[in-house]
Amino acid sequence: QTSIHRLCIMSPSPSSAGAASTQNDDDLEFGGGKPKTRTTTITKRRRLTSLKASIRNSLSNQLSIFTSKKHLRLRKQGELFTQIVFLVYVTSCVMLVGKENVENISACGYNSVVPWYVGILFYASATASNHSCLWYVVRSVRADENTRRATMRMVFGMISVVSLYLTMYFPRCFWQCHQTSVWMWAISTSALMTMRGEETEDAKKSSETRTKSSKNGSKADAREGGENEGDDDTTIAENNIGLKLLAQHHALTKPPVKMYLYPFLWFSGFLICVALYYENNYYFFFGESMASMAYSAWVMSKHLGSTEGGGGAGGEKSSGTSGSKLWPPRNYGLREYLCDASVGCFLYYLCEVINRPRMCPRGKIFAGPSLLPFFI
């Protein structure tokens, strides 16, 4: 009886068991689920932070032509100054002229009515961008070992440079020649942007060289362990050190950053202009301006230079590597931009002051001959 009495005392009553289960449910509802919820929240925050960091790094890489010079003075940032000048030109066209006082809302239409101090902004930026395109084409063709690709890049690059100058030389009132030049510039520039760059093959060569260097380094280590006598040991040790340093160099260098942002903006603006070709509104002018700024930023991003197997955003070459095959970075500052702008001022005087009244007297549109037979 005593043992039975003890068991009865130790066993919980149904009411107490129900109260305990109710208390546990209350704990899960009010406090029991907190550790799991807190872990999920921390994971989400970490993912969001990682996503923000990756987006920030991607934008920094795409805008490396501007971010790599953010610690320098303004007189060293010629690429940024070019973009600012073109933005001032677009804003001046909209604020000073508007859309009621111009026949065609585009850069070519505004150039015929804006004051000279606004028109030279367009010519200065266009000349600076064209000079950068020519600089890139010449150096990339010299560095490219693929003859066919180098020839195609030279052809499309020269067509792009010459046709952009022709769009300025032939005013919009000289319709056929002007419009043919515009299409030639757009198509050749699109082809130039979509061409496979030499950086892709250079990255592959870099990885192959890195693998060979590591293998040769391991073989040299094995030989050095087995042979430790005379001059052979000294030669093997020197080769081993050189191979190790070369492997470290290839491991530390980064492959060149591919530019996706500027071609995306270029093709977006180009498609806007094609879709609104027969419209006369600010949307067309916006697409045209976006494409022009993307073209300028893309060609000026080549100022960073290119080195085989690396260089990253700085484009530095390292002695003793095969990076000398490609081109070094270009020091483009305010002085270089002013030289291009002076040429742009001369082109403005030639095209707008002398050539426009001669080709289109009294502002009448003259069809004129087409530069290419398939452009109507």
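**Labels and their cut-offs**

Tutor: Let's begin with Pro263, which is buried at a relative accessible area of 12%. This is a predicted model, in which local features need pLDDT of at least 70 and side-chain atom pairs count only at pLDDT 80 or more, while totals for chains, interfaces and linings use all residues. Residues are numbered from 1 along each chain as its sequence is written, and side-chain values use heavy atoms, with hydrogens and water left out.

Student: Why is Pro263 called buried?

Tutor: Buried means under 20% relative accessible area, exposed means over 50%, and partly exposed is in between (1.4 Å probe, protein chains only). Pro263 has 12%, so the label is buried.

Student: What does Pro263 touch, not counting residues up to four places away in sequence?

Tutor: Pro263 touches Met193 and Trp298; contact means heavy atoms within 4.5 Å. Pro263 lies in helix H12.

Student: How many helices and strands does the protein chain have?

Tutor: The protein chain has 14 helices and zero strands. Both are DSSP runs numbered from the N terminus: helices are H or I with at least four residues, strands are E with at least two. Of the 376 residues in the protein chain, 39% are buried. Among contacts in the protein chain with a separation of 6 or more, 74% are between residues 24 or more positions apart.

Student: What makes the span of H13 close to the expected one?

Tutor: The expected span is 1.5 Å times one less than the number of residues. Helix H13 (residues 282–301) has 20 residues and reaches 28 Å from its first C-alpha to its last, close to the 28 Å expected. H5 also has 20 residues and reaches 28 Å, close to its expected 28 Å. For H14, with 26 residues, the reach is 35 Å, close to the 38 Å expected.

Student: How do you know that H13 is mostly covered?

Tutor: Of its 20 residues, 16 are buried. At the start of H13, a side-chain oxygen of Asn281 comes to within 3.2 Å of the backbone nitrogen of Tyr283.

Student: Why does Glu79 count as buried?

Tutor: Glu79 has 1% relative accessibility, so it counts as buried. Its place is in helix H5. What covers the buried residues of H5 includes helix H4 (64–67), helix H6 (107–111), H7, H13 and helix H14 (334–359).

Student: What makes the pairing of Glu79 and Lys69 a polar contact?

Tutor: A polar contact is a pair of N or O atoms within 3.5 Å; within protein, one must be able to donate a hydrogen and the other to accept it, and residues adjacent in sequence count only if both atoms are side-chain atoms. The side chains of Glu79 and Lys69 are joined by a polar contact of 3.0 Å.

Student: How many aromatic pairs does a search of the whole structure find?

Tutor: The search finds 18 aromatic pairs. Rings of Phe, Tyr and Trp (its six-membered ring) pair if their centres lie within 6.5 Å; planes under 30 degrees apart count as stacked, over 60 as edge-to-face and the rest as tilted. Phe86 and Phe122 are 6.4 Å apart centre to centre with 45° between the planes, a tilted pair. Phe86 is in helix H5 (residues 78–97) and Phe122 in helix H7 (residues 116–143), 36 residues apart. Phe86 is buried at 8%, and Phe122 is buried at 13%.

Student: What makes the pair of Trp183 and Phe270 edge-to-face?

Tutor: Their planes are 85° apart and their centres 6.2 Å apart, an edge-to-face pair. Trp183 lies in helix H9 (residues 175–194) and Phe270 in helix H12 (residues 261–275), so the pair ties together parts 87 residues apart in sequence. Trp183 has a relative accessible area of 27%, so the label is partly exposed.

Student: Which residues lie nearest the centre of the largest pocket?

Tutor: They are Cys108, Val182, Trp185, Phe284 and Glu288, out of 43 lining residues. On a 1 Å grid over the protein atoms alone, a pocket is an open set of points where a 1.4 Å probe fits, with protein on both sides within 12 Å along at least five of seven lines; lining residues have an atom within 4 Å of a point.
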